[in-house]
Amino acid sequence: MNGKLLFGMLMTLLVCVSAAGCIAATTDTAPYELAGTWVSVDSGSPVSYDLTLECNEDGTAKLTGSISGGGMSKNLNANLNWEYVSGNQYVGKSGDSSLAIYLTGDTLTITMNPKKMGIADFDIDFELTMNRLATSPDAIVGLWNGTIEGTVSNEVMMEFLKDGTGSISVIYYQGDIPTQEKKDITWEYIKANEYQAKYGSSIAPLELYDDMLIIRIVPSTFIPRASDSPITVLTKSFILPIPYIESPV
């Protein structure tokens, strides 16, 4: 196999491979959960790699970094596509090539074989792992807006300030009359893409995926006679028509 063809195969396969993980799990995920930045974890196998994968919410992604093995190396700067299948399974695509993706928590993993990939003449399987890159503690600072699933007009508005305070407002209807219930909160960064907000005796977990912030709240803490079971609300960053200014402390 000549060098150009070898590197061509490497590029095509690695674009898909590096976007994937093949450890099956029963935990369900959702389409947006692949969005974000992933970095490789080099386990010291015969193939060395230093890769970053940025998955966008619209199903596009970019893979950058380098990989080497069997006396060959390659720098990558490639565009690819990904889509959700079901459960915790996704698929990564580059041209005519595709590989199954399995997301387990904050980890993507895939078994690779250098000989089958054409990068070295040794037949050995090893795992390539990518972990979700931690977000910065103040990444959620700003305004967020979303609609409670299964309703037409019930909205959630959230404000997070840099000093760790803010508010959560739920707008709901009593008959035809709109009512707003607002809770002052404190919030903190936990790890990776996880945060939590506190109001009264309630704790609301938060997860940030690209430009989508997910909160789990108990409806009855905002809406009279509503359910006591936690619900998940997807919110998007809310852009004001004027520059955002923090509320005074």
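**Salt bridges in a predicted model**

Glu57, Asp211 and Lys236 are linked in a network of salt bridges. A salt bridge here is a side-chain nitrogen of Lys or Arg within 4 Å of a carboxyl oxygen of Asp or Glu, and by that rule the count comes to six. Side chains of opposite charge can pair when their charged atoms come close.

A quick word on the ground rules: this is a predicted model, where local features need pLDDT of at least 70 and side-chain atom pairs count only at pLDDT 80 or more, while totals for chains, interfaces and linings use all residues. Residues are numbered from 1 along each chain as its sequence is written, and side-chain values use heavy atoms, with hydrogens and water left out.

Lys236 bridges to Glu57, with the closest N and O atoms 3.1 Å apart. Lys236 sits in strand E16 (residues 231-237) and Glu57 in the loop between strands E2 (48-55) and E3 (60-69), so this pair ties together parts that are 179 residues apart in sequence. (Strands, E, are DSSP runs of at least two residues, numbered from the N terminus.) Lys236 is partly exposed at 34% relative accessible area, and so is Glu57 at 31%; buried would be under 20%, exposed over 50%, and partly exposed is in between (1.4 Å probe, protein chains only).

Now look at Glu188 and Lys198, whose side chains meet at 3.7 Å, N to O. Glu188 belongs to strand E12 (residues 177-191) and Lys198 to strand E13 (residues 194-199), 10 residues apart. Glu188 is partly exposed at 35%, and Lys198 is partly exposed at 34%.

Finally, Lys183 and Glu181 form a salt bridge at 3.5 Å, N to O. Lys183 is partly exposed, with 22% relative accessibility, and Glu181 is partly exposed with 27%.

Note on methods: Helices (H or I, at least four residues) and strands (E, at least two) are DSSP runs, numbered from the N terminus.
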